Amino acid sequence: MNEHREGRLRTRWRRVARTVVAAAASVGMSVLSIGFTAGAANAGVSSADRGAPNASLAAAPVSRVAAGDLHTCVTRTDGTLWCWGNNFYGQLGDGTNTDRPGPVRIGDATTWARIDAGSSNTCAVRTDGTLWCWGGNSNGQLGDGTTTRRNSPARIGTATTWASVSTGANHTCAVQTTGTLWCWGLNRHAQLGIGTSPNLATTPVQVGTATTWASVTTGYAHTCATRTDRTLWCWGSSSDGQLGLGIRDYRATPTQVGTATTWTGVTAGYVHTCAARADGTLWCWGENGYGQVGGGAGFQTTPLQVGTATTWARVETSVDSSCATRTDGSLWCWGKNTSGQLGDGTTTHRSTPTRVGTATTWADGLAASYHACATRTDGNLWCWGDNSFGQLGDGTTTNRSTPTPVALPA
């Protein structure tokens with residue numbers, strides 16, 4: 001549970017990511033380096049690509065978007081599910097392990113409601129309250145009682161009361177309509193919130209007995225959640241201060257972050273966390289090597305206010321970057337920008353929020369990883385950043401440093 005052990009795990013995680021890239025390359029996939037290559041992120045992007053959407057955009061608007069490490073999935077207002085990008089572990093859910101550089105419909109169901117994407121897996125909730133997961137499962141993160149990867153959606157248990165789900169690198173958590181919280185997968189850093197044992201859970205395990213959980217978010221080895229009274233709770237690894245508790249250790253069960261009762265949402269990145277309050281302020285903490293906390297210097301072990309703005313609406317964290325929208329419909333990103341994932345037309349890292357273009361029509365749908373995607377008020381989807389496996393959905397493997405429209409089939 002200590003910092004040294006966390007460092008070894010992070011090294012191994014990055015090694016696994018490189019293995020996935022190498023495996024794809026061995027079957028003929030053209031892989032772009034994730035290393036810093038100034039100017040490369042915008043190669044081959046025409047002014048049309050950076051401008052308005054083309055006529056082939058979907059008739060049914062996008063309602064939810066999820067970004068995994070190397071893949072993207074969305075639900076549309078007609079209840080259909082679409083995924084694209086890397087499919088080495090079956091994380092697209094189309095019954096194959098074939099990479100897709102453009103959107104592919106998953107099954108024929110029209111009842112998909114909520115979705116989230118982890119490093120190599122995906123989970124979603126349907127309108128009937130059932131929960132489904134697919135993709136990588138080496139640590140039981142799918143919750144189906146096995147460690148077998150799945151290339152099509154597998155139903156998790158028999159419950160019909162699932163409300164929302166969040167899946168990270170090796171573990172998954174979900175909230176039920178009863179207000180109960182459940183987690184499963186790897187527990188090496190107590191990220192399941194049930195103590196230090198077992199080391200791994202392949203089916204959902206209830207976290208405590210509280211029935212007031214409102215939302216949950218999973219990082220690499222930590223988890224945070226809000227309750228209906230707007231308090232904020234975190235647990236798992238805090239090697240870089242990502243729990244916000246003023247420590248660089250771990251907590252085996254949910255521990256309240258400060259005393260504020262005005263938290264409206266929280267998002268866990270790789271080893272940093274951000275959350276918004278009811279007064280429109282934005283707060284971040286944890287690892288800050290690329291400026292992903294949005295201020296300060298070095299590790300931030302307690303919540304740090306990002307600037308002085310009181311108009312933040314929604315925030316999303318990723319591997320080493322963060323993006324957020326404001327109430328005026330503007331979009332802002334900061335942190336690591338190696339692949340253009342900040343969307344500001346450069347590959348320059350930013351330590352404070354930097355505005356993405358001039359549009360004031362960015363909506364609620366927002367997801368970030370090594371790439372980022374967001375919806376606008378008209379329901380159209382835009383993506384940018386790393387595109388080495390076609391995860392931007394534009395039919396290419398060219399990185400984009402500014403938002404590019406995704407043409408979903410009508």
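This is a predicted model: local features need pLDDT of at least 70, side-chain atom pairs count only at pLDDT 80 or more; totals for chains, interfaces and linings use all residues.

Author: Residues are numbered from 1 along each chain as its sequence is written, and side-chain values use heavy atoms, with hydrogens and water left out.

Start with strand β3, residues 81-85. Strands here are DSSP runs of E, at least two residues long, numbered from the N terminus. β3 is mostly covered: five of its five residues are buried. Buried means under 20% relative accessible area, against over 50% for exposed and in between for partly exposed (1.4 Å probe, protein chains only). Take β3 face by face. Leu81, Cys83 and Gly85 sit on one side, and they are buried. Trp82 and Trp84 sit on the other, and they are buried too.

Now the partners of β3. Two strands pair if DSSP finds at least two bridges between them. Strand β2, residues 71-76, pairs with β3 over five bridges. The sense is antiparallel. Within that pairing, His71 has Gly85 of β3 as its bridge partner. β2 and β3 make a hairpin, with four residues between them. Gly79 lies in the turn, and its phi is positive, about 80°. Strand β4, residues 100-105, also pairs with β3. That pairing is antiparallel as well, over three bridges. Here Cys83 meets Val104 of β4 as its bridge partner.

A disulfide is a covalent bond between the sulfur atoms of two cysteines. The cut-off used is a pair of cysteine sulfur atoms within 2.5 Å. The structure holds seven of them. One joins Cys73 to Cys83, with the sulfur atoms 2.1 Å apart. The link is right-handed, at 110° about the S-S bond. Cys73 belongs to strand β2 and Cys83 to strand β3, so the bond spans distant parts of the chain, 10 residues apart. Cys73 and Cys83 are buried.

Next comes the link of Cys123 and Cys133, again a disulfide with sulfurs 2.1 Å apart. With 115° about the S-S bond, this link is right-handed. Cys123 lies in strand β6 (residues 121-126) and Cys133 in strand β7 (residues 131-135), 10 residues apart. Cys123 and Cys133 are buried.

Then there is Cys373, joined to Cys383 by a disulfide of 2.1 Å, S to S. This link is right-handed too, with 110° about the S-S bond. Cys373 lies in strand β26 (residues 371-376) and Cys383 in β27, so the pair ties together parts that are 10 residues apart in sequence. Burial holds for Cys373 and for Cys383.

Stay with β27, residues 381-385. Three bridges join β27 to β28, and the two run antiparallel. Cys383 stands opposite Thr404 in β28. Finally, step back to the sheet. It is open, with four strands in the order β25-β26-β27-β28, and the pairing is antiparallel. β25 (362-368) and β28 (400-405) are the edge strands, each pairing on one side only. From one strand to the next, the twist averages 20°. Axes for such angles are lines fitted to C-alpha atoms, and angles run from 0 to 180 degrees between N-to-C directions.
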